[in-house]
Amino acid sequence: MQLQELLYSQGFGTRRVCAGLVQQGWVTVDGLSTRDATLEVEAVEGLPFEVQGQPWRYHALAYVMLHKPAGTECSHKPSAWPSIYTLLPAPLRQRPARTALSGVQAIGRLDQDTTGLLLLSDDGQFIHRMASPKHHVPKVYEVQTKHPISDEQIRKLCAGVVLDDDPAPVRAAQAERVAEQHLRLTITEGKYHQVKRMVAAVGNRVEGLHRSRIGDLALPEDLAPGQWRWLSVAEVEGLRRRPR
């Protein structure tokens, strides 16, 4: 792959911009500087390079996690709050795609006041696999409730509650009372405001909501709100292996 094409594939601008970056001496590949935009490089996964002093690694497809902070929207065109995409570096937002939207896309949405683990990718099959309710990918939420959580509420959540837009009961895969007003709820679907509506259906109210886990992938304790990182190969494969 030509160096200018490699930079383009990673979201560093148009092909012309990427060629210019190389020609002006702003690019190093695996520690070596070059001004030859047509230089053939082996695009191996994880290949290190720098653009204007910014270290980066080549990834054929992008898989990242973000610790979503409160007061942000999972939208390219937010209505009232800053977009979560502003928390990502430009190359992740500009990676070329076959769809109308370039860059990585959030897999599912979290409300503006909900915090926690959010996955983003430009791999369409992976996005569908993780987002489709048919695949029953478990998502774990830490729920702070207005009132103490009763055994009866736990029982109802696990047995199934009816939401106002669907006569079919919606069940929690697991519901655990961590503290008097702290519920750990696992769901495998992704209906609109599902956790809030399920908790309301059993006579309580969500005061705070945080997603701590998707499948076997937990939000790292050292990833602060607003920070992101690449998923490892093992983490991506672990998510792919979730049972259907």
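Tutor: Let us begin with the overall architecture. The chain comprises 7 helices and 15 strands; helices (H or I, at least four residues) and strands (E, at least two) are DSSP runs, numbered from the N terminus. This is a predicted model, in which local features need pLDDT of at least 70 and side-chain atom pairs count only at pLDDT 80 or more, whereas totals for chains, interfaces and linings use all residues. Residues are numbered from 1 along each chain as its sequence is written, and side-chain values use heavy atoms, with hydrogens and water left out.

Student: What share of the 244 residues of the chain counts as buried?

Tutor: Buried means under 20% relative accessible area, exposed means over 50%, and partly exposed lies in between (1.4 Å probe, protein chains only). Of the 244 residues here, 45% count as buried. The C-alpha atoms fill a box of roughly 70 × 35 × 30 Å, taken along the principal axes.

Student: What share of the contacts with a separation of 6 or more comes from residues 24 or more positions apart?

Tutor: A contact means heavy atoms within 4.5 Å. Of the contacts with a separation of 6 or more, 63% are between residues 24 or more positions apart.

Student: How many salt bridges does the structure hold?

Tutor: Side chains of opposite charge can pair when their charged atoms come close. A salt bridge is a side-chain nitrogen of Lys or Arg within 4 Å of a carboxyl oxygen of Asp or Glu. The structure holds 13 of them. One of them joins R15 and E5, with N to O at 3.0 Å; R15 is in helix α2 (residues 15-23) and E5 in helix α1 (residues 3-9), 10 residues apart. R15 is partly exposed at 43% relative accessibility, and E5 is partly exposed at 27%.

Student: Which parts of the chain do D122 and R95 tie together?

Tutor: The closest N and O atoms of D122 and R95 are 2.8 Å apart in a salt bridge. D122 lies in the loop between β7 (115-121) and α4 (124-131), and R95 in the loop between α3 (90-94) and β6 (105-106), so the pair ties together parts that are 27 residues apart in sequence. D122 is partly exposed, at 22% relative accessible area, whereas R95 is buried, at 2%.

Student: Where do R240 and D123 lie?

Tutor: R240 and D123 form a salt bridge, with their closest N and O atoms 3.1 Å apart. R240 is in helix α7 (residues 233-240) and D123 is in the loop between β7 and α4, so this pair ties together parts that are 117 residues apart in sequence. R240 is partly exposed at 32% relative accessibility, while D123 is buried at 9%. There is also a network of salt bridges that links D111, D113 and K196.

Student: Which side chain of opposite charge is nearest to K139?

Tutor: K139 is buried yet has no salt bridge, and the nearest side chain of opposite charge, E189, is 9.8 Å away. K139 lies in strand β8 (residues 139-145), and its side chain reaches the backbone oxygen of V137 at 3.4 Å. Not counting residues up to four places away in sequence, K139 touches M130, L185, T186, I187, R211, R213 and I214.

Student: What lines the largest cavity?

Tutor: On a 1 Å grid over the protein atoms alone, a cavity is a set of points where a 1.4 Å probe fits but cannot get out, and a pocket is an open set with protein on both sides within 12 Å along at least five of seven lines; lining residues have an atom within 4 Å of a point. Grid points are joined across faces, edges and corners, and a volume is the space filled by probe spheres set on the points. The search finds 1 cavity of 30 Å³ or more. The largest cavity holds about 40 Å³ of space, and its lining consists of I107, L119, M130, K139 and I214.

Student: Which element supplies the largest share of the lining of the largest pocket?

Tutor: That element is α6, with 3 residues. The largest pocket has a volume of about 560 Å³, and of its 27 lining residues the closest to the centre are R109, L110, D111, K191 and H193.

Student: Which residues of helix α6 are buried?

Tutor: In helix α6 (residues 194-201), they are Q194, V195, R197, M198 and V199.

Methods. Lys and Arg count as positive and Asp and Glu as negative; His and the chain ends are not counted. A polar contact is a pair of N or O atoms within 3.5 Å; within protein, one must be able to donate a hydrogen and the other to accept it, and residues adjacent in sequence count only if both atoms are side-chain atoms.
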